[in-house]
Amino acid sequence: MASETSIQENILDYINSLPYGRAENVSGNAKQSGRADINACVYGYTLKIEVKTADTRYGREGATTKQRLYLEKWARAGAFSCVAYSVEDVKYCIGLLLRKHSMFSTISNLQLSGRGKWYDVQNKRWVDISY
């Protein structure tokens with residue numbers, strides 16, 4: 001399995017390769033704990049991405065309470081927030097975002113499988129990524 005760092009680097013590379021995408025790593029310290037790992041903007045929409053790896057107990061448990069609260073706060077403000085275990089999870093989330101805003105999705109033909117989550121603001125709950 002890939003490390004969280006390599007997954008994060010692959011996600012950054014993917015978003016930065018999009019024609020209207022920009023992403024940056026969020027370097028944290030003790031005062032910034034709970035923040036998302038990646039801040040991104042795709043087609044003008046803000047994304048907050050928490051990266052996890054499934055090969056550790058910590059990663060399998062998903063985002064911490066503090067991380068979930070942070071992501072939910074941003075989602076309520078209009079950002080698209082997700083917990084991702086792979087680049088495919090992020091592609092899927094971007095696809096959801098683009099379809100929600102009736103924009104063309106370049107990922108509709110990909111065969112993907114994932115285990116991440118995204119925050120559904122209208123229903124105020126975390127939803128499993130199932131594709």
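**From one residue to the whole chain**

Modeller: Let us begin with Ala-79, which is found in the loop between helix H3 (65–76) and E4. Please bear in mind that this model is predicted.

Colleague: Does Ala-79 count as buried or exposed?

Modeller: A residue is called buried when its relative accessible area is under 20%. Ala-79 has a relative accessibility of 10%, so it counts as buried.

Colleague: Which residues is Ala-79 in contact with, leaving aside its neighbours within four places in sequence?

Modeller: Ala-79 is in contact with Thr-46, Lys-48 and Trp-74, once those neighbours within four places are set aside. Ala-79 and Tyr-45 are 34 residues apart in sequence, while their C-alpha atoms are 6.8 Å apart.

Colleague: How should I read a helix such as H1, and what span should its 14 residues have?

Modeller: The expected span is 1.5 Å times one less than the number of residues. For the 14 residues of H1 this gives 20 Å, and the end C-alpha atoms are 20 Å apart, which agrees.

Colleague: Which residues of H1 are buried, and which are exposed?

Modeller: The buried ones in H1 are Ile-7, Gln-8, Ile-11, Leu-12, Tyr-14 and Ile-15. They lie on the same side of H1, because they cover an arc of only 165° around the axis. Thr-5, Asp-13 and Ser-17 are exposed on the other side of H1.

Colleague: How many residues does the largest nonpolar core have?

Modeller: That core has 24 residues, and Ile-11, Ile-15, Ile-38, Leu-47, Ile-49, Val-90 and Ile-94 have the most contacts inside it. Two or more of its residues come from each of helix H1 (4–17), strand E2 (38–42), strand E3 (45–51), strand E4 (80–84) and helix H4 (87–100). H4 gives the largest share, eight residues. Apart from this core lies another, of eight residues, including Ala-36, Ala-63, Tyr-85 and Trp-126.

Colleague: What does Val-90 touch, not counting residues up to four places away in sequence?

Modeller: Val-90 touches Ile-11, Ile-15, Ile-49 and Ala-84 on that count.

Colleague: Finally, what pattern does the protein chain follow along the sequence?

Modeller: The pattern is α-β-β-β-α-α-β-α-β-β, and the secondary structure comes to four helices and six strands. Of the 131 residues in the protein chain, 47% are buried. Among contacts with a separation of 6 or more, 52% are between residues 24 or more positions apart.

Definitions and conventions. Residues numbered from 1 in each chain as written. Predicted model: local features only at pLDDT ≥ 70, side-chain atom pairs only at ≥ 80, totals over all residues. Heavy atoms only, no water. Core = buried A, V, L, I, M, F, W, Y, C linked by side-chain atoms within 4.5 Å. Buried < 20%, exposed > 50% of the residue type's maximum accessible area, 1.4 Å probe, protein only. Contact = heavy atoms within 4.5 Å. Arc of directions from axis to C-beta.
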